[in-house]
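Biologist: I would like to learn how to read strand pairing and helix packing in a model. Could you walk me through it?

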Amino acid sequence: MVDPNQYPTQRPMGAFRNDDVGVENPPSSSITRLPWIDIHQHGHTMSWGDRERFDLSGAEAAVFVAAAAHYAPYRPMHPEDVRFLWDDAIRRSHAIGRSHFFDPYVAIGIHTTGPKVDYEDLFDVLPEYAALDEVVALGETGISMTQYSEPMAIEDQKAVVREQMRVADDQDLPILVHTPSVTKAEPDEWLTGKTEEGHDLADPVLDPATAKLEATRMDVELMDEVGLADEQVVLDHAHPSMAEFVMEETGCYLAFSIGQWIRTTTVADVAGVIEEYGPERVIIDTDVAGMYQTQPFAMKRAMLDLVRAGVGEEEVRQVVYENPKGVLGLG
Ligand SMILES: [Zn+2]
């Protein structure tokens, strides 16, 4: 290195980002050119400008999850309301695909966080929807702790999740499994009551203190009952409190939804799980959506922060690109 005393500058200089001045592992710019695939988000409910931010930050593909029960009408919800959500996402994916650079795909699900619908009517048409080219996954669904507007009994939830797992098995598709939401980093601070967006949540049907793991175990039991392969199941909205069970007792993927950091997990949590269990079955998705405060740059920001947290670039590539690509079967 050039002797700093020989610089023509008048002001003192700090160390440059250079190995020979003792900076360990200076960040490489290559992470900024790494593409990503978001396996769970609701980009079709966001603005054009938000989706442009996906393009600007390196999106290669995104799965629009059409199961957002937050769009339930102010009246009893009917099967055709759920089909509207599916139809709308499929229709919008065509228009979005023409005006953006990333590839839009759709996941269709009967969610368990909305008002109960006559779900058997939806079971009749679910296989035909799942067979569409645009549809690459079932979900989101999964045993939930609480619902928007009115509670849904666990047995009803199990029937809904079980049938979607059956269709996933029949059609060799992955399923995105929603697990109960955490409001803060602490596992006892669960999403109940009135949310900051003003949604009213019904009384919990599971004990908030144990719901995360309890619901995850129920989902895995249903998977085993149906005979669905572990590697087709993405246990989503992950929290460190479920990592040991998922990584040691199942072969499922563990997906961290990082679009709303404050309500779920931190980069350090994700880095810790990658360090302990490796990146082979870890996925990062965003769950960004238009109905709440959301961060269109969440994925790219998480990638940079993971590198800052000491996670290797190849590992980051695996959790934001290779694993989602493999699970979705995108060639
Ligand atoms: Zn979601």
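**Strands, then helices**

Modeller: Strand β3 runs parallel to strand β4 (residues 135–141), and 3 bridges join the two. Two strands pair if DSSP finds at least two bridges between them. This is a predicted model, where local features need pLDDT of at least 70, side-chain atom pairs count only at pLDDT 80 or more, and totals for chains, interfaces and linings use all residues. Residues are numbered from 1 along each chain as its sequence is written, and side-chain values use heavy atoms, leaving out hydrogens and water.

Biologist: Which residue is the bridge partner of Ala 107 in β4?

Modeller: Ala 137 is that partner. On strand β2 (residues 59–66), which is parallel to β3 (residues 103–108) and joined to it by 6 bridges, Ala 66 stands opposite Ile 108.

Biologist: And how do I read two packed helices?

Modeller: Two packed helices are described by the angle between their axes and the distance between the axes. Here α4 (residues 154–170) and α5 (residues 211–226) pack at about 45 degrees, with axes 9 Å apart. They are therefore oblique to each other (angles under 35 degrees count as roughly parallel, over 145 as roughly antiparallel, 65 to 115 as roughly perpendicular and the rest as oblique).

Conventions:
Axes fitted to C-alpha atoms, helices over the stretch in contact; angles between N-to-C directions. Helix = DSSP H or I, 4+ residues; strand = E, 2+ residues; numbered from the N terminus.
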